[in-house]
Amino acid sequence: MSLPDTPTPPKFLLVNEERMVQIDTEGGVCILHPLRFNALDPVRHPFPGNITNATLVGEHGLASTWVERDLSLARLALIDLREPLQSGIEMSDLRVAVDAGKSDHHQVAGAVWSHILDAEPLAICEYHGDIVFCTHHRGIYRIGPDSTEIWRRKPLIWDLLSDLPDGDVLVALVSSGDSIWAFSIGGGWAEIEGSSGNVIRKGIHQFKSSTNRVWHGSNGNWLLGLSENRMAWWNALDESISVVNVNGPIQDACMVEGDWLITGWRQDLCWRKTNLHSGPESSKRPEIGCKIVDRDSEGFWVLDNRGQWSPFAIK
């Protein structure tokens, strides 16, 4: 059985029980049918620039950050996916507004709310129906779906990373149970109490590589995509860790019955718990895998960087 291509090359594919949303490499947003995967509406561009972070919120919300580095602009907005997506101001008109000192007049089109950010957004996640995000050197914030602030905390600091450039800069926020986990470029990690923002515990992984991406499994398991074509399997409960080499950057991973299914640079991988220290099985794919989706009886399928679907390569 074949599946339709996405309308444009994907950057993110966000999936929950109710929704499937594609975000492309040019900041376009499109809603896909959650079972048939076809586009339900045309691609829209609510704001110029790249969408750097995005998460589904509740059953119908999309919280995203837009960054236009050339113009030093950033926005955080919540879009109600029950309403038609809208395209916003064109880049050329936004440049004119910036030159005229009126860029603050323009927000994300069709958003429930849209806010100007005065620092670059680094990561975002949903927590119990709320939004948790962080910005560069400003801290971490939890806000409600109406954008009311619930708490904020100062930036996380790891003393042993003080001499490492950008070592404290966060690359991921992940919600798990009643906690929010934060991970930094330099290998720092912290478990944060979701209700208060207080740090429960924190530590540092001595990878000798930068942390780029993070995925959460079950029973304390984490997969970390590292620089220099490496990845790590870490269990936060027993503190076991294993690091292996891969062909290139990992793009997506999901844990199934204690094993990791992974896709990335022209390969699919299966890292089984029985092979924790010996490394994963691998199989080549012609393009770069971007997202793994469970299609129940049809098994696991991978969306690649061209916007085409194919079955996960390892049975």
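This is a predicted model: local features need pLDDT of at least 70, side-chain atom pairs count only at pLDDT 80 or more; totals for chains, interfaces and linings use all residues.

Trainee: Which strands make up the open sheet of four strands?

Mentor: The order is E20-E21-E22-E23, and the pairing is antiparallel. Strands here are DSSP runs of at least two residues, numbered from the N terminus, and two strands pair if DSSP finds at least two bridges between them.

Trainee: And which are the edge strands?

Mentor: E20 and strand E23 (281–284) are the edges, since each pairs on one side only.

Trainee: How many bridges hold E21 to E20?

Mentor: Strand E20 (residues 250–256) is joined to E21 by six antiparallel bridges. Val256 has Asp259 of E21 as its bridge partner, and Met255 stands opposite Trp260.

Trainee: Which residues take a positive phi in the two hairpins?

Mentor: In the hairpin of E20 and E21, Glu257 has a positive phi near 55°, with two residues between the strands. The hairpin of E21 and E22 also has two residues between its strands, and there Arg266 takes a positive phi near 55°.

Trainee: Is E21 (residues 259–264) enclosed or open, and why?

Mentor: Six of the six residues of E21 are buried, so the strand is largely enclosed by the rest of the structure. Buried means under 20% relative accessible area, exposed means over 50%, and partly exposed lies in between, using a 1.4 Å probe and protein chains only.

Trainee: Which way do its residues point?

Mentor: Asp259, Leu261 and Thr263 point one way, Trp260, Ile262 and Gly264 point the other way, and all are buried. In a regular strand, side chains alternate between the two faces of the sheet.

Trainee: Changing topic, how many residues has the largest nonpolar core?

Mentor: That core has 20 residues, and Val21, Ile23, Leu62 and Leu81 have the most contacts inside it. A nonpolar core is a set of buried Ala, Val, Leu, Ile, Met, Phe, Trp, Tyr and Cys residues joined through side-chain atoms within 4.5 Å. A second, separate core of 18 residues includes Ala123, Cys134, Ile140 and Ile192.

Trainee: What does Leu81 touch, apart from its neighbours in sequence?

Mentor: Beyond four places in sequence, Leu81 is in contact (heavy atoms within 4.5 Å) with Arg19, Val21, Ile31, Leu56, His60, Gly61 and Leu62.

Trainee: Now Leu173: where is it, and is it buried or exposed?

Mentor: Leu173 lies in strand E12 (residues 170–176) and is buried, with a relative accessible area of 6%. Its contacts beyond four places in sequence include Ala123, Cys134 and Ile140.

Trainee: Last one: where does His205 lie?

Mentor: His205 is in the loop between strand E15 (199–204) and strand E16 (211–216). At 8% relative accessibility, His205 counts as buried. Leaving aside neighbours within four places in sequence, its contacts include Trp189, Leu224 and Trp234.

Terms used:
Residues are numbered from 1 along each chain as its sequence is written. Side-chain values use heavy atoms; hydrogens and water are left out.
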